[in-house]
Each structure stands twice: as C-alpha cells, then as structure tokens.
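Here are some notes to read beside the model. Please keep the sequence and the structure open as you go through them.

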Amino acid sequence: MIPARSVAFNVLVDSAIRQERRLAVLMRNFKPIVETYIQPDPGKSPQGDEYFLSRLDLTGNAPATLAFVDPDHEKESWKKRVLKSPQPFVAAGFAQAIFPDLDHLDRRNYSFEFVRWEVLGEVRCGVVDVKPRENSENRGFVGRIWIEDQYFNIVRFTGAYTSKSLSRRAFHFDSWRLNVLGIMWMPAYIYTQESTSQDPANHDLWFKAQTRIWGYDLQHAGDHREYAKPLTDTPVWVDPKRHETSQDLSPANTLGQEAYTPEDNVVERLQVAGLMAPDGEVDRVLQTVVNNLMVTNDLDLPAVRCRVLLTTPLESFVMGRTIVLSRGLLDVLPDEATLAAVLAHELAHIVLHHSVGDGLLSGHTVPFSDLDIYAHFNFHFRPADEDDADKKGLELFSKSPYKAQLANVGLFLEAVEARSTQFPNLLHGRFSNDFGSSHLIQMQALAQIPKRLQTDRLDQTAALPLGSRIAVDPWSDQIEMLKRQPVRPLSLAEKMPFGVSPFFPYLKRLSEPQKAQAVSQP
C-alpha cells in the first residue's frame, strides 16, 4: 500500500481503475437485492409513485435485474401510472448507476482530471472529474468520482450517462459504496434526481428516487441456528421403524428433528430471501414498546416477538404471535407513541385470536423461487378483522403509558390520509393489507381526534422522510437505529413527510478484526 500523502495522480487513477475491475469481477459472484422507490415532485400534487424490488444480475454485459413478482400490481397498466415520462421507468435503468462504467472505465475511453483532496466521514479521498474521450465509442459516464487513499477504491461517484446505448435519458445520480467486505467497498446507495427538461436553466423537478442495495451474504442468512436447536447435544440413534412411547408423545425428541415453529419457518424463509433483517437490537426496541402495552393492559401472552422487513413500503402485520413492521414504516414514524399505536393494532390481532389460517405455511412446504415469495405468503385480514383490531388497539393504547400522546398519532394518520393518492405504492402492503386503507384508520374516528394537520407549520412533524431512522448493513442485513438528534426544519421544503431525500452516509473503514472476520467466513 502506497502512503496516501505521496500518491501521484497517475498512480491514484490507475490504482482506482484496477480496483474497479476487481470489484466488477467480485460482484458477478453475488445477486444482491436492489430496491428503487421513485417519487414525482411532491410540490405539483402528484397522483402516484413507483417501486421496484429486484435481484441484481451482473453476469451479462450490463447490469440486469430480476424482479420480485407482486401479483396485485402485475394487473396494472403502465397507462395508469402517473409519472409521465418519454419512456417507462425500469429497474435496470437505476441499477446501472452501481458502476460508473461496468467494464470500460479506463484511460483509453475516459479522461481524468484531479480536483482536490476531500474527507468523507472518516475517509480521505482524491476527487477526480471524469468524461468520455472524443474517440471512445458507446461510453457515457460524465461526472466526478471519489477515490479513497488506502486501497484506491471508488467510494462515491456522481454524474449522468449521456450515451444513447446506456440510457435514452441522462438521469443525474449520486452513488455511494460502503466498506463491508475486507478492503473492498460495495455498492449500497444511489440517489437519483431529474428535472422536467434537458435545459440546464430549467430547475423544475420531475422525480426523485432512492435505490438501496443489500443482501450480499444471503448464504449465511437465517436464524435457525438460534431458534431451532436440537433438544440434546448427543442424541441416541433411533430406528425410524420403531414406535416407542417417547417418540409418540414427543416427535421433537426424535433424532434429527428440531424445534421449529411455523412462524420460525416463515421468518427463516424471508431472511434467506433477503427480505427480513436478522434478529437484533431494533427488535429489542420494538419488544420494549410491546411489553409496555402488555403490562399496562394485564396481558399474559407468551412468545410475542417483533421482526423488521427490510423493504421501503409502509407495512405491518402479524403471523401467529410475531409482529412484523417494515423498515420504511419505522423510518417515517415521528415518535414512540405513534409506533406504540401501530404495535397496539397488531397486538390486538393476537389478543382477538385472528389467524391467517393454514396458509401460513402453504408456500413453505414446496420449494419456490425467492422472486415468487409474495405469491406464497399471504398475511391479509378481512376488513371486519381490521376494524375489530382498530377498536381493540385503541383500548390497549388508551391504557398504555402513551395515552396522553394520542394527538400525535392523529397527526400521523392525517398525513397518511393526505398522501394516500399521491403515494399508493408506498402505502401498498405486499404481504398484508394496504397500510393507508386498513391500519388505524378507524382509530382516529373512534378516538374523536380533531383534525390538526397544518402542513405550513415548521414546528409540526407529522411524519419523517424515508431513511430517517434505520440503517442497513448491505453485507449482513443487520439493522440499527440512527442516533440523530432531531433538528427543527428551517423551511417547509426540509420537512418532507414520507419523502425521498439524498443519501449522505458517514463513510468509515472496517477495523482490522472486522476485515479478518470477513475474510475467514466460510
């Protein structure tokens, strides 16, 4: 490794080119999840949004995506989509910004110009402007790259594609990578924004989009090592043809059997597919709120637990005694009281013995593709059950430590209602009932909460922007709560309830023990 202070510009660029080639080769060994959520300009009363969930495939000459199939939205026509563009949005169009140029970022096709040294988070970077050479064919990235000064990985690049072979429209993007594997920096975030015109003088916003990449290490995903351990460390071999009394009474004691519950099987399947976070500290935070609700309501419900989906659409549901909330929902909830209201609704389903029926495991017993998982797991409840859960949830909430903050819940529900026609994809439940039309809607009416939402007040926070609370490790899928102090917005444009905002991750390198652990993984 060359000392950072003595790096010549040519060495910086040539080393970055070599690392980019290594990354391209490495990435072909993975099929991570790529999620893109698109919002049109919220200032122009939009009537819709767009959402893609796919697996990335880099085995070809260009980034390709394999979509998770959503049966409900397969029926929709592009003509009904509100984002009026010269061409439909496609997932691969946003995924191409994972690389500046997948196979051709080199001196023959591009020119490089040093700008300055700059620190991103804890990482010192050389900033370099890049553009295609006049004689290069089919090359199209024009922009700026940041090269870290130890192993010369590109950690950030921003710009647009101008080549017709890469994109018929030059969406402007800001792409970030994180150091999650040894010395390599893996793609993690892409923010895309575009105006309504190619004229630089026209700043009217057309759309904003967040693209997230995670699920690199799915071969080690799953909690079965924790939740389903053999009942004895040294089981005695039993002839499967013999029918002993102990076997008849407890088949779980038979050699090779493990203590899986139906919910464990579903949780495991969702983790292996890359859609659910591993058990961790965020689950403990949710569990604490659930415990507060149960204690103050004198509920004795063993084995109630919480888990988090990694996806953006606002979603909450129960399967058995497991309460599931999506990352996107946790991102936008303004406070703990509103979180408690959501959890009270789901806890009410458990108290009322609502069940999704035998379909809980209908798709688990037969192998099926991860991409078809939405068609196999169905956690929808009948409208009557949702209404009953609202009533019971309000009762649970009214006896909880959060009861004095019911007005905050009302603000959030008003904000959801106000955005229901603008962001239908954000409020569409893939596994469960749509959040905007089934969850807590009756709670506001039952509690007779007065309308209080005033979008022009800076001191009123009804909902947060997407990405405000939860950070995801793209390698392990572990999640954590962001420890940020709330900052009062200085303008209405900064409030952005449910909004898409740029990414600004705090860059830092893996510690030496973390690098060693990544290298030693089987």
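**Notes on the predicted model**

1. Valine 318 is buried, at a relative accessible area of 2%. Here, buried means under 20% relative accessible area, exposed means over 50%, and partly exposed lies in between (1.4 Å probe, protein chains only). This valine 318 belongs to strand 12 (residues 316-319). Helices (H or I, at least four residues) and strands (E, at least two) are DSSP runs, numbered from the N terminus. From valine 318 to valine 304 is 14 residues in sequence and 10.0 Å in space, C-alpha to C-alpha.

2. A word on the source. This is a predicted model: local features need pLDDT of at least 70, side-chain atom pairs count only at pLDDT 80 or more, and totals for chains, interfaces and linings use all residues. Residues are numbered from 1 along each chain as its sequence is written, and side-chain values use heavy atoms, with hydrogens and water left out.

3. Look at strand 11 (residues 305-309). It is mostly covered, with 5 of its 5 residues buried. In a regular strand the side chains alternate between the two faces of the sheet. In strand 11, Arg305, Arg307 and Leu309 point one way, while Cys306 and Val308 point the other way. Strand 11 runs parallel to strand 13 (residues 322-326), and 5 bridges join them. Two strands pair if DSSP finds at least two bridges between them. Arginine 307 sits opposite valine 324 of strand 13.

4. Next, strand 8 (residues 172-181). Of its 10 residues, 9 are buried, so strand 8 is largely enclosed by the rest of the structure. Strand 7 (residues 154-161) is antiparallel to strand 8, with 5 bridges between them. Glycine 159 has phenylalanine 173 of strand 8 as its bridge partner.

5. Strand 8 also pairs with strand 9, in the antiparallel sense, over 8 bridges. Leucine 178 has methionine 186 in strand 9 as its bridge partner.

6. Helix 6 (residues 262-272) comes next. Of its 11 residues, 9 are buried, so helix 6 is largely enclosed by the rest of the structure. Among the buried ones are Glu263, Asp264, Arg269 and Leu270. Just after helix 6, glycine 274 has a positive phi of about 85°.

7. Helix 7 (residues 281-296) has 16 residues and reaches 23 Å from its first C-alpha to its last, close to the 22 Å expected. That expected span is 1.5 Å times one less than the number of residues. Which residues are buried in helix 7? They are Val282, Asp283, Leu286, Gln287, Val289, Val290, Leu293 and Met294. Seen down the axis, the buried residues fall within an arc of 160°, so they line one face of helix 7. The arc is that of the directions from the helix axis to the C-beta atoms. Exposed Glu281 and Val295 lie on the face of helix 7 turned away from its buried side. Aspartate 298 follows helix 7 and has a positive phi, near 50°.
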